[in-house]
Structures are given as C-alpha cells and as structure tokens.
2 protein chains.
Amino acid sequence: MSGHALLELESFLPYRLSVLSNTLSQAIAKVYDKRFDLSVTEWRAMAVLGYRADISAREVAERTAMDKVAVSRAVARLLKKGHIERGTARHDKRQSVLRLSEEGWKIYDQVAPLALDHEQRLLAHLDVEERAWLTRILDTLWKAELAESMR
Amino acid sequence: MSGHALLELESFLPYRLSVLSNTLSQAIAKVYDKRFDLSVTEWRAMAVLGYRADISAREVAERTAMDKVAVSRAVARLLKKGHIERGTARHDKRQSVLRLSEEGWKIYDQVAPLALDHEQRLLAHLDVEERAWLTRILDTLWKAELAESMR
DNA sequence: TTATTTTAGTTACACCTGAAACCAACTGCA
DNA sequence: TGCAGTTGGTTTCAGGTGTAACTAAAATAA
C-alpha cells in the first residue's frame, strides 16, 4: 500500500504508443530528411498528393491529420523547392489546387518505396494473424479516441 | 499500373500509429496542461519520478525516451515550480538525484488517476483477447524497431 | 441587394524542440 | 600522477509548432 496511484510508464498504453510511433517516424524521417531535405510535414503532404492529386490545402490537412497552419507552411516550403505546383479552384477562388510537380514525383518515387520498405521490415516480425489483429485493434482504438475527444 | 509506388497514408502503419498516439497524448496532455500547467515532458518526468525516486536526469531520460536536453529543461521548470527536488550524487558530483517534492506528490496524486482513467476508457473498447494481442504486438514491434535502429 | 456568418489560407507571436557546442567531473591507462 | 577520452548536464542557436488574429472569398439570410 503505497498510497499513490501506480502508473508504470513502461506499461502505460498512451506512452508505449507514443514512444514506438515517435521512434518509428523519426527513423523514417531521418532518411528523407538527410537524403532529400524533407521534413515530416512536407513528406506527409507530398504523400497524400502522390495518392490523390489536385486537392485543396484543407483536404491535405484532413488527410494528414495536420492542422491548416502546418499545411500552409509545408505547402509554402514545397512550392519554394519546386516539389509541388499550386493552382486556384475555378469554382472557389479561395481554394488552392495542389499537385506534385514533375520534380516532386521524382522525389516521391524515391521516398515512397523507402517508407514502404521500412514498414515491411517491421511487419515482417508479425505473422498474418498478428497483422490482422493489429489492424483491427488500431482501428477500434482510433474510433474510440475520436468518440472520446468529442465528449 | 500507375508507375508510382502506392502509399496510402490511411493504411500506412507508421502513420496510423503516429496519428493515434498524437491524438491520444494530446487529449491527455490537454487535461493536465489546463488544470495543472504541466507540459507533456514535465508530466513524463514526474511520472517516472513517482514510480522510481532518487534517480539521475540521465535515468529519467532513458525511462521517458526523451533526450537529455528535453529532460534538462523539464527538470529546470519543475524545480522552479517546486514540484521536484534535486540533490547531487555522492559518488559522482556530476549526477543529480531527483525526486518529487511534497507539492509534486500532491499533483502526481491528481494527474496519475486521470491518465490511468483515460487509458481505461480506451481499453474498455477492447476485449481481453484483444488487449493481450495488443500488448504482445506492441512489444514485438518495439523490439523490432530497436533492432532496426541499430542497423 | 446588402449585411452577417462561415470558410480557405496566411501571418504574427510566444513557446518548444533537436543538434551541436560547451563545461565540469569522472574513468582508464600509461 | 597526468593526460586523453567519456559522461552528466546546461546553454545556444536555428528552426518548428500551436493559438489567435487576420484577409479574402463564398454562402446564407434578410
């Protein structure tokens, strides 16, 4: 009976997720930071634009779970580097229309395989059953946390 | 055949982990930030000190997976607020010896249950089997990533 | 039509962060 | 001893970040 709540960080779920995900993200980030001078936010923006082109900054924000300020800055940097191109939506002059430039695609085509590769090397440690559980569980937790955050 | 690697962010493991863990951490962080004026790093340091007292800053860094600069700053702020106390190790005058102050314990005793509560509410969405799988899988991934980072 | 509110995106501010340089104390080895 | 290298911890600097305030355009309402 210590009289204090027992919070062991090492087994506390939010902490474990955080450490794992940060280590993971940084490991991948380091690669494209050193080799391609891309920050995490920049790469995320490029990643969604590689998957779906001609979308607005707001939609990039939604799909990357970054806030619009972060996106605005990432977009500004990517424009300056020439990795993306920006137009204006015909039906709404406020909205931008973003897409990877030819240069951008060249970088995407190098970085995306690296990222996927890292993921595969990790997943290689899990068998089929575990992967299925993981996917399902992350999905459940994500929905739960979403609901939680709306309370 | 698009000719480009298919990287769908929504199903990319590092991305999913990152979004989930950030949302989760921030949700918890918001509580103790608003109510107790504690940053994530500060709370993490307090959490390990609540679990194991009289350890050095280096050991806090290890146990929180923060780097020593972050710990140094967190410790400085916690000292100023009076939440922790600092001594010097007898056998090594460079090392600090950190522990929660009485004030610090009072805060710990309020925050720790809140954090544990949030975790419980999340875990409530998983059944016993899923929790077991999650624990095992996170453990595996963590070890895999550690090995990966040493390559 | 005009007035009000909402939305897309940028800017300003104050804070937080990591990398590298730094200092002091310790260790290992000759 | 004494010198080289390592380690614990702090400081500095250059950027990144979130919040709030802002502008312009669009949607809504009167």
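1. Let's start with a term: two residues are in contact if their C-beta atoms, placed from the backbone, lie within 7 Å. With that in hand, the contact between the two protein chains takes 50 residues from chain A and 50 residues from chain B. On the side of chain A that touches chain B, two or more residues come from each of helix 1 (13-36), helix 2, helix 3 (57-64), helix 5 and helix 6 (128-149) of chain A. Helix 1 of chain A gives the most, with 13 residues. (Helices are DSSP runs of H or I with at least four residues, strands are runs of E with at least two, and both are numbered from the N terminus.) By class, this side of chain A has 31 nonpolar, 10 polar and 9 charged residues. Here Ala, Val, Leu, Ile, Met, Phe, Trp, Tyr, Cys and Pro count as nonpolar, Asp, Glu, Lys and Arg as charged, and the others, Gly among them, as polar.

2. A word on what you are looking at: this is a predicted model, in which local features need pLDDT of at least 70 and side-chain atom pairs count only at pLDDT 80 or more, while totals for chains, interfaces and linings use all residues. Residues are numbered from 1 along each chain as its sequence is written, and chains are lettered from A and ligands numbered from 1 in the order in which they are written.

3. How do the two protein chains relate? Two copies of a chain are related by a rotation about an axis and a shift along it. Chain A can be laid on chain B with an RMSD of 0.2 Å, using a turn of 179 degrees and a shift of 0.0 Å along the axis. That is the relation of a two-fold axis. Both copies use the same surface, as 100% of the contact residues of chain A recur in chain B. The superposition is by least squares on the C-alpha atoms of residues with pLDDT of at least 70 in both copies.

4. Helix 4 of chain A gives the most, with 4 residues. The surface near DNA strand C divides into 6 nonpolar, 6 polar and 7 charged residues.

5. On to DNA strand D, which 19 residues surround, the closest being A:Lys93, B:Ala57, B:Arg58, B:Ser72 and B:Ser96. Helix 4 of chain B gives the most to the surface near DNA strand D, with 4 residues. That surface has 6 nonpolar, 6 polar and 7 charged residues.

6. Within chain A, have a look at helix 2 and helix 5 (residues 102-123), which pack at an angle of about 100 degrees with their axes 10 Å apart. That makes helix 2 of chain A roughly perpendicular to helix 5 of chain A. (Axes are lines fitted to C-alpha atoms, for helices over the stretch in contact, and angles run from 0 to 180 degrees between N-to-C directions; under 35 degrees counts as roughly parallel, over 145 as roughly antiparallel, 65 to 115 as roughly perpendicular and the rest as oblique.) A:Trp43, A:Met46 and A:Gly50 in helix 2 of chain A meet A:Gly104, A:Tyr108, A:Val111 and A:Ala112 in helix 5 of chain A. This contact has 5 nonpolar, 2 polar and no charged residues.

7. In chain B, helix 2 and helix 3 pack at about 105 degrees, with their axes 10 Å apart. B:Arg44, B:Ala45 and B:Val48 of helix 2 of chain B make the contact with B:Val60, B:Arg63 and B:Thr64 of helix 3 of chain B.

8. One backbone detail to check: A:Asp37, in the loop between helix 1 and helix 2 of chain A, has a positive phi of about 55 degrees although it is not a glycine. A:Asp37 counts as exposed, with 11 C-beta neighbours inside 10 Å. (Buried takes 20 or more other C-beta atoms within 10 Å of a residue's own, exposed 12 or fewer, and partly exposed is in between; C-beta atoms are placed from the backbone.)

How values were computed: Near = placed C-beta within 6 Å.
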